[in-house]
Amino acid sequence: MISLKNDFARNLVTLSSGTLIAQAIPMLATLVLSRLYSPAEMGEWGVFSSCASILAVIGCLRYENAIVKPSRRVDAYNLAFVSILIALAFTGCLYLIVFAVDIFRFNHWFSLGREALYILPFYVLCLLLIQILNNLANKTQQYRSLAFSSVGRSLTQAISRITLGYCSFTNVGLIAGANTGALFQVFLLSIRLRLKHFFLRTFSFKRARRLLWEYRDFPKYDLVSNVFNSVSSNIPVILLSYFFIEDIAGYFSMALTLLFIPMSIIGTSLGQLYYRDACELHAKGESVGTLTMKIFVPTYIGCSIFMLGLIWGGETVFGFLLGSKWATVGKYATYLSLWLLLVSSISPLSSIFYVKNKQRINLCINVTALVLRIVVLFAGGYYLQSSDWTIVLFGIVSFLLFVVQGAIIKKIAGVVFSNKVLFYLSGMTVVLMLSYMWRIFLWLS
């Protein structure tokens, strides 16, 4: 157990340091990008990335998530290879759809330009390959490769976007820059993981078929569940661009981008390590409750402190850093703060559904989330016709959904909080909720 703790701490430091640098780069780049690109152009990027995120969930039928589970490395590599084949076939289908849309002039159904529409399948492929390679690197404990590749992707993306913006290619600069960064990460991880070497030595169609059958619950339950989850998380940008001007979607996208940067510095690393270590503990018949609690408590308290600062000074800070035209981002960030707090502290633990083979529960949660979020977005956009109320309602409903999900995770993982821990968590929550309600009252009254 001591060895496990030491390995976890060492791997966490490696991943977190890489993630910290990788996320600091786009945060600094945003200070420049906000002065090169308009809210409308940021809105198109938001719609593009939301569509890509939804499609990236479908592309590998979720077999990429099964890569971490096999006890043998050769099985993990075979799952990675078959996932890549599925991703390539999916990308080919996407291009056929794009060609049909262009030929039959269905472009008016989409809020994306023609150039963005043709770039979309390639970007989805890059995202799929990154998911596969990240899981493979996690399984083989190549955390330095993960950290180095994420830093390289962020740096390449930032340089590309700034360069294209200065050269007046602002219509595709954000999208093209994201593609360049993603392609760099794919190339680097492929080399570090020696994909060609292992493919020639270990790939077997017979073994691949056996693994596809063994982990059939991933496309059977996990695929549907994550599609609902991805749609419900990304649909706001798409619907906001439909009901309101593109500037609103741009402000919303910028708020999400800037909030997820600091909130995911530790969360992403914790999620990867938690999944692997929880799988190992579960395979040994040991409890994952202590591991779950040790991740949740400090993450929740630390993110709560950050959110308090955001609630009381976000509008001023964002207006100063990004320019006066982006001050609205601070207000939208506050509207979403409670939801994003739980995204950061609970999402890293959601892999417990895979560890405990409870994908059906996760499916029910995500279906409910999608239905409620769409109802709220249509109510705000169609009936209230207010972007502020639409985003507030979306944030509150999403927060309540994560409260329920957190309670379910607590029960599945067998977490038991001490009275002292409950006191700290309750006190921080009360202060946060009162601050949030007061700010919302001042803005919307």
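This is a predicted model: local features need pLDDT of at least 70, side-chain atom pairs count only at pLDDT 80 or more; totals for chains, interfaces and linings use all residues.
Residues are numbered from 1 along each chain as its sequence is written, and side-chain values use heavy atoms, with hydrogens and water left out.

View 1. Asp-75 pairs with Arg-210 in a salt bridge, with the closest N and O atoms 3.4 Å apart (the rule asks for a side-chain nitrogen of Lys or Arg within 4 Å of a carboxyl oxygen of Asp or Glu). Asp-75 sits in helix α3 (residues 73–103) and Arg-210 in helix α8 (residues 205–214), so this pair ties together parts 135 residues apart in sequence. Helices here are DSSP runs of H or I with at least four residues, numbered from the N terminus. Asp-75 is buried at 7% relative accessible area, whereas Arg-210 is partly exposed at 39%; buried means under 20%, exposed over 50%, and partly exposed in between, using a 1.4 Å probe and protein chains only. Arg-210 also meets Glu-214 in a salt bridge (3.2 Å, N to O). Through shared partners, salt bridges link Asp-75, Arg-207, Arg-210 and Glu-214 into one network.

**View 2. A buried pair, Glu-64 and Arg-62.** The side chains of these two meet in a salt bridge at 3.0 Å, N to O. Both Glu-64 and Arg-62 are buried. The count for the structure comes to five salt bridges.

**View 3. Trp-339 in the largest nonpolar core.** This core (buried Ala, Val, Leu, Ile, Met, Phe, Trp, Tyr and Cys residues joined through side-chain atoms within 4.5 Å) has 138 residues, of which Phe-252, Trp-339 and Ile-352 touch the most other members. Helix α10 (residues 246–283) gives the most to this core, with 16 residues.

**View 4. Lys-331 and its contacts.** Lys-331 is found in helix α12 (residues 328–335). At 18% relative accessibility, Lys-331 counts as buried. Not counting residues up to four places away in sequence, Lys-331 touches Glu-315, Asp-388 and Trp-443.

Methods
Helices (H or I, at least four residues) and strands (E, at least two) are DSSP runs, numbered from the N terminus. Contact means heavy atoms within 4.5 Å.
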